[in-house]
Amino acid sequence: MSPSGGPTGGAAHFSLSSSARVLGTLHLGPGAVIAQGAVIRSHGGAVRLGAGAAVLENATVTGTSEHPVIVGERAVLGHRSVVLGAEVGALSEVGSGAILMPFARVGARCLVGEGTVIPSGMVVPDESVVEGRPGQVLRRATAEDLERLRRLRGGSLSLPGQPLTVFSARDRAEDAPMGQLYTFRDKHPLVHPTATLFSTAEVSGDVVIGPGCIIGSGVKIVGDAGGPVRLGAGVQVLSNTVLHLPQDSGLVLEDGVIIGPGCTVHGCHVGAGTVVEPGAILCDGSRLGRGCIVSAGSLVKPASSFPDGARVEGFPAVQTGTLSTPPPPPRWALRPEDLAGLRRVG
């Protein structure tokens, strides 16, 4: 990482890794850290990081005008965590792999366990310990918990109280807009000219990406196991998701599938119009029908199958309902008209 400043050269210095991506306009305080592989998508300045806040490796943060993100001073978002339109209070610790859905609010000096899913609208009081899928407040933070927070922050729980600075890349184009494409055993990815790959997306081997697809920052699509990977028209695979397949199998995402950030998708078949929410895992040989929705953080076990319109959730996932209509694109998904306004920093 290297210290950077805002476009006007202000005093709000922060650390931004060369492999991190900031898309849009970000408000942040001095001493903030954006670590390797982290992706922050801030539509219209909808993400605010307080002084000394940290977004750790491969975390994903997405804020929109309808679902802004506020991260308090000296709060930490753990490795591979996902925060979508949620609020995290000052000095809180969000564990690795945790998922915060829109309108969730975590208070100050909280401890959110690794892999916890905070559902939409949940409010976590100050000084709480939260774990589970979905998250549950286990207890109030003890003196030992607060001492742990103090140690993690260099022996002090003081707050800088420093103002935020606007950090924008609106005058800098996203580099390498077709991502990185790699040949494997004479198989080279085929990408439709109307598809969009962000610069840190990497695609290898026997992969076909259809018209109008959007492949987000940090996405890895690996077609090097002897089977094909096929993405239909209008598919979205969002930040820091991995698509992979076992030997001699296939992976198919039909038209209009949306895969949320931080997912893991192995060799499976996903029907048209299905929405897979952030942090979900789809295992080898599983099959989802058309117009399904897979809830955040769910685990779809190997060789499991779900019909059209299934609501799928749990760890492991089961069908909990049937949708009467196909799920609409979620607010955290990208629209084609959003792309021109997203620019990279770093």
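Strands (E, at least two residues) and helices (H or I, at least four residues) are DSSP runs, numbered from the N terminus, and two strands count as paired if DSSP finds at least two bridges between them. You are looking at a predicted model, in which local features need pLDDT of at least 70 and side-chain atom pairs count only at pLDDT 80 or more, while totals for chains, interfaces and linings use all residues. Residues are numbered from 1 along each chain as its sequence is written, and side-chain values use heavy atoms, with hydrogens and water left out.

**First stop: a hairpin**

Select β18 (128–131) and β19 (136–140), which pair in the antiparallel sense over four bridges. Within this pairing, Val-129 stands opposite Arg-139 of β19. Four residues lie between the two strands of the hairpin, where Gly-132 takes a positive phi near 110°.

**Second stop: helix α1**

Now select helix α1, residues 143–152, whose buried residues (under 20% relative accessible area, with a 1.4 Å probe and protein chains only) are Asp-145, Leu-146 and Leu-149. These residues cover an arc of only 95° around the axis, which puts them on the same side of α1; the arc is that of the directions from the helix axis to the C-beta atoms. In general, an α-helix has 3.6 residues a turn, so residues three or four places apart point the same way. On the face turned away from the buried side, look for Ala-143, Glu-144 and Arg-151, which are exposed, a word that stands for over 50% relative accessible area. After α1 comes Gly-154, with a positive phi near 70°.

Move to β3, residues 21–28, where seven of the eight residues are buried. Strand β3 runs parallel to β5 (residues 39–49), to which seven bridges join it, and Val-22 stands opposite Ile-40 of β5. With β20 (residues 165–168), β3 pairs in the antiparallel sense over four bridges, and here Leu-28 has Thr-165 as its bridge partner.

Select the seven strands of an open sheet, which follow the order β22-β24-β27-β30-β33-β36-β39 with parallel pairing. At the edges stand β22 (190–191) and β39 (305–306), each with a single partner strand, so one side of each is left without a neighbour in the sheet. Further in, three bridges join β27 (residues 229–231) to β30 (residues 251–253), and Leu-231 has Leu-253 as its bridge partner.

Both leucines also belong to the largest nonpolar core, which has 37 residues and in which Leu-231 and Leu-253 are among those with the most contacts. Such a core is a set of buried Ala, Val, Leu, Ile, Met, Phe, Trp, Tyr and Cys residues joined through side-chain atoms within 4.5 Å.

**Last stop: Thr-274**

Finally, select Thr-274, in the loop between β33 (269–270) and β34 (275–276). Is this residue buried or exposed? Thr-274 is buried, with a relative accessible area of 0%. The side chain of Thr-274 reaches the backbone oxygen of Gly-271 at 3.2 Å and the backbone nitrogen of Cys-292 at 3.0 Å. Beyond its neighbours within four places in sequence, Thr-274 is in contact (heavy atoms within 4.5 Å) with residues including Gly-256, Val-257, Ile-258 and Leu-288.

Conventions. A polar contact is a pair of N or O atoms within 3.5 Å; within protein, one must be able to donate a hydrogen and the other to accept it, and residues adjacent in sequence count only if both atoms are side-chain atoms.
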